[in-house]
Amino acid sequence: MNKKHLVLPAVLVVAAGVVATVQLWPTELKKLREQNLCLGMLTEQTAGLIHDGKGGAVVVDESIPDSSGSATKASDPIFSTICFVNRKNAEDKSSMRLQYTLDVRPTDTLNDRPKGATPVKGGLTGWVGQRQSEVQLPDGCAKEMKRPEARYITVTLKISQNTLVGQDWDYASLMKDSRTVIVEAVENLTKQYDCSA
């Protein structure tokens, strides 16, 4: 057999090997999404920090809201998914209680810090409030997350009314735990997309 006829099959085998390696190579995004909850943003331990004091196992629902009428589909599920963190009821295991939600959105403006909210600090831009917290991902994240048109990418945490009542309106404790949850979410997102400050 002529050697020049072996070059093309050899090149194709090498190319197929490279493609398979790239697709199967464990990226930080894949690793964190497999290990953690809320599309890789939270460990189970951190997800359970914010609670209504009634116990029950942590159950996470990564829900994509009905986007009927929307002509475009999000290129990454991170932008179309709201993470609902719940607790199972002790007496009725089939029902759950919402503790908080966590979502990520591209935006052109940041919300103003509400009364009683404190800056998130730690080199991050954003605030931690009594019922809601909002933190901006580092500037390079919009490009890495395939949203270069967005000025900001924000992570928003919203505490449910059940949790506020269950914690006896202890805002100091809730804000401490909220800060831990939202900072971990931001740190894991920057690892997934390799866009730390």
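This is a predicted model: local features need pLDDT of at least 70, side-chain atom pairs count only at pLDDT 80 or more; totals for chains, interfaces and linings use all residues.
Residues are numbered from 1 along each chain as its sequence is written, and side-chain values use heavy atoms, with hydrogens and water left out.

Let us look at the whole chain. Of its 197 residues, 38% count as buried, where buried means under 20% relative accessible area, exposed over 50%, and partly exposed in between (1.4 Å probe, protein chains only). The protein exposes about 11700 Å², and carbon and sulfur atoms supply 54% of that area. Such areas come from the Shrake-Rupley method with a 1.4 Å probe; for residues, only the protein chains shown count as cover. Among contacts (heavy atoms within 4.5 Å) with a separation of 6 or more, 63% are between residues 24 or more positions apart.

Now to the cysteines. How many disulfides does the structure hold? The structure holds 2. A disulfide is a covalent bond between the sulfur atoms of two cysteines; here, a pair of cysteine sulfur atoms within 2.5 Å counts as one.

Take Cys38 and Cys83. The torsion about their S-S bond is about -45°, so this disulfide is left-handed. Cys38 sits in the loop between helix 2 (28-35) and helix 3 (44-47), while Cys83 belongs to strand 2 (residues 82-88); the pair links distant parts of the chain, 45 residues apart. Are these two cysteines buried or exposed? Both Cys38 and Cys83 are buried.

The link of Cys141 and Cys195 is right-handed, with 85° about the S-S bond. Cys141 lies in helix 4 (residues 141-144) and Cys195 in the segment after helix 6 (171-193), so the pair ties together parts that are 54 residues apart in sequence. Cys141 counts as buried because its relative accessibility is 0%. Cys195 is buried too, with a relative accessible area of 5%.

Finally, with the bonded cysteines numbered in sequence order, the pairing reads 1-2, 3-4.

How values were computed:
Helices (H or I, at least four residues) and strands (E, at least two) are DSSP runs, numbered from the N terminus.
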